[in-house]
Amino acid sequence: MEKAAGEGCESLDSVESNGLLSAAGINIPAMEVVGENEVAQEFATNRGYPVVLKLNSPLLLHKTEVGGIWTNIYDDEELNRALEGMWQRRDGLEGQVKNATSLVIQEQVDSGVEVIVGVKKDPSFGSVLMFGAGGTLAELVKDRNLFVLPMSHEEAVGLIEKSIVGKLLTGYRGAEAYDLNLLAELMVGLAGLAESSKVIAEIEINPVIVTYEGVWAVDGKTVLRTTT
Amino acid sequence: MAGNLSKLFSPKSVAVVGASREANKIGGIVVKNILDSGYKGLVYPVNPKAEKIEELKCYPDYSSLPKVPDLAVVAIPAQFVIEALEQVGEKGTKNVVVFSAGFKEIGDEGEELERQLVEVARKYEINLLGPNCLGFVNNLTPVNVTFGQVVSNPGNLRFVSQSGAIASSIFDWFEATGLGFSEFVTLGNKSVISENEVLEYWLGQKRDLVEEQFGKGLSGVWPVGLYLESIVDGKKFMELVAEIVKLDPVFVLKPGKSEAAAKAMQSHTGALAGEDAVFDQALAQVGAIRCESLEDMFELSRAFAWEVAPKGPRVVVVSNAGGPAVISADAVGEVGLELAPIDDGTLTQLREHLPRAASVKNPVDVLGDALAQRYADAIEIVMKEERVDALVVILTPQVMTQIEETAELIAKASAKYPDKPIMCSFMGGTHVAAGEEILNKARIPSFRFPERAIKAVAAMWKWRETSNKEQVILQGSSGPSAIYKQKNK
């Protein structure tokens with residue numbers, strides 16, 4: 001990471017970001033870079049369906065707009081169609097972006113509640129954690145809850161409970177409540193990762209999917225403080 | 001960064017560089033202010049062009065001073081300040097207030113000048129307040145080291161303002177309401193001393209609220225009010241505030257929610273604004289209260305200075321008009337307080353003392369024809385209730401209303417129940433003014449609108465809740481004094 005910052009990279013791509021998160025003990029659904037289609041097919045055979053295909057690049061921070069995700073791939077036939085489609089989309093990108101973009105296959109996390117967890121450095125107060133409703137609704141719902149780090153496990157739980165999306169997580173309209181502890185652990189883990197690094201300017205996971213079985217960081221984004 | 005600031009804020013001797021004989025020059029105003037404030041220490045005007053200023057011997061330069069002053073005030077044009085500071089440093093003075101403008105706030109040239117100024121200050125280990133500041137007032141010493149119009153009483157408030165102009169308004173308002181403070185400090189460009197150093201100084205202060213000096217009716221705490229346009233070191237700020245709120249409430253006004261405000265502030269002190277939402281959260285986390293406006297800050301000053309924070313969220317409202325009573329009931333719900341439940345015993349007593357038509361549930365409506373005695377009866381009955389934590393009294397001036405008498409009786413109730421705050425809303429202008437004056441003298445806050453009174457109670461409860469402390473009131477021989485013990489967690 002220091003190397004990347006030293007080279008003037010402004011951000012890490014998903015694969016690199018996810019590597020970081022994984023190292024910090026955060027659950028990432030298994031993913032692999034697809035050099036050739038066989039890699040994808042093997043992945044699906046070994047891990048099982050459903051899977052998603054994603055375009056991966058440090059320059060593509062908002063995938064949905066460029067059609068950079070293909071979800072709900074449930075069988076081989078669909079996988080082949082998706083592969084074809086995604087290669088086409090990659091080729092359709094602008095030259096510089098295209099060259100920096102690879103294709104990635106990942107296990108799909110089935111339904112859960114999408115939240116966003118991020119850490120940003122404030123010039124006055126240092127690292128600040130942000131939590132709220134995530135996924136495609138994030139910009140619309142504006143469920144933005146901040147906490148100036150450091151943050152304890154209890155404080156993380158408190159932050160979840162006072163958020164709008166927290167209402168869904170604590171059992172809404174008869175639905176069972178989710179275990180907030182795993183999510184709180186993820187938040188504290190991310191906070192620790194951001195605070196321990198001098199080169200991370202911003203790190204964000206959107207979405208984190210909260211399921212009854214566990215908490216998954218599906219898409220990580222890291223912006224570095226360049227040192228060049 | 002800065003050393004111990006006691007000598008700065010309580011100097012035994014003050015030198016004024018740029019002292020003037022002219023009453024309208026800054027160098028003249030400050031000398032007069034120092035003398036008029038009853039300062040008992042030594043004053044040394046420094047000005048090569050004068051032999052005497054205000055009957056004091058004037059010295060041609062700093063090095064010729066017979067002693068090393070504790071504090072130097074610099075009131076000369078910016079381009080001469082650095083040289084003057086060198087002389088001050090050479091002499092050995094460690095505390096300096098620089099009034100002069102023309103530094104970072106004017107742009108690049110000034111920024112370079114200020115950088116040099118800071119270098120000199122660091123070289124001599126000088127605690128420097130300013131530049132571009134109004135100075136400070138310490139009512140306990142006493143000494144007024146400002147060039148502003150300050151009339152002030154000693155009291156338990158402590159104030160820091162990044163703006164000198166706002167300070168003038170605050171002083172004026174304090175005078176009108178009889179609010180007193182111990183220190184009022186303006187920061188100017190915060191080149192060396194920032195809000196953090198002042199907070200740290202206050203943390204280290206141990207003070208008794210002695211009735212002889214301060215009079216009766218104060219809340220027993222030393223509230224801290226801040227007007228800031230920027231934060232120098234957020235983490236340190238949070239640390240210091242978190243410590244202070246354990247004993248004393250802290251409330252902050254910091255504009256900057258709008259882009260326009262942020263731009264205006266940048267040119268004012270050349271300081272950068274961080275994200276406002278982060279500042280908001282930081283304050284909430286450490287238990288400080290954020291003021292939404294100057295009005296808020298004025299009202300909270302009075303509430304915290306004069307009334308003890310409620311031990312719980314249960315409010316009782318006593319009003320001589322139904323409309324405002326209902327408005328208050330709404331407001332109570334909105335700010336996280338509760339309407340105190342009135343038990344049957346109390347209800348019975350109220351029914352016995354109030355006319356049949358009066359509403360005895362909370363809010364208690366004593367009706368429009370209530371004279372002072374009916375108010376007093378109702379107040380006495382509800383204040384005795386164990387489950388009442390705070391009282392709000394609303395008065396509208398009807399023809400028969402005994403405004404001043406009612407105010408007197410409220411003052412008596414306040415003295416009788418010192419651990420329950422009373423806020424008043426005497427609604428009106430001219431007719432209620434005399435009543436408000438009595439309340440001010442008795443140190444009971446009065447608000448133009450009942451919702452404001454309720455908001456103040458809410459802020460006080462919030463502080464109490466967050467700081468989680470126990471207040472123990474002891475009856476001393478010279479009147480009640482309050483000591484605070486922190487609850488064992």
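Predicted model: local features only at pLDDT ≥ 70, side-chain atom pairs only at ≥ 80, totals over all residues.

Modeller: B:Val73 has B:Val97 as its bridge partner in β6(B). The two strands concerned are β5 (residues 71-74) and β6 (residues 95-98) of chain B, which run parallel and are joined by four bridges. In general, strands of a sheet pair through backbone hydrogen bonds. Here β5 and β6 belong to an open sheet of five strands with parallel pairing, in the order β2-β1-β5-β6-β7 (chain B). At the edges are β2 (42-46) and β7 (127-129) of chain B, each of which pairs on one side only. From one strand to the next, the twist averages 20°. Across β1 (13-17), β5, β6 and β7 of chain B lies helix α3 (residues 78-91) of chain B, and this helix runs at about 165° to β6(B).

In chain A, helix α7 (residues 153-162) packs with helix α9 (residues 180-196) at an angle of about 115°, their axes being 9 Å apart. That angle makes α7(A) roughly perpendicular to α9(A). The crossing is right-handed. Contact residues of α7(A) include A:Val157 and A:Ile160, and those of α9(A) include A:Leu183 and A:Met187. By type, the residues of this contact are nine nonpolar, two polar and two charged.

Helix α3 (residues 37-47) of chain A packs with helix α4 (residues 76-91) of chain A at about 140°, with axes 11 Å apart. The α3(A)-α4(A) crossing is right-handed. Among the residues in contact are A:Ala40 and A:Ala44 of α3(A) and A:Leu83 and A:Trp87 of α4(A). The contact of α3(A) with α4(A) has five nonpolar residues, three polar and no charged.

Key:
Residues numbered from 1 in each chain as written. Chains lettered and ligands numbered in written order. Heavy atoms only, no water. Axes fitted to C-alpha atoms, helices over the stretch in contact; angles between N-to-C directions. Left-handed = near helix turned anticlockwise from the far one by under 90°. Contact = heavy atoms within 4.5 Å. Nonpolar A, V, L, I, M, F, W, Y, C, P; charged D, E, K, R; others polar. Parallel < 35°, antiparallel > 145°, perpendicular 65-115°, else oblique. Pairing = 2+ DSSP bridges.
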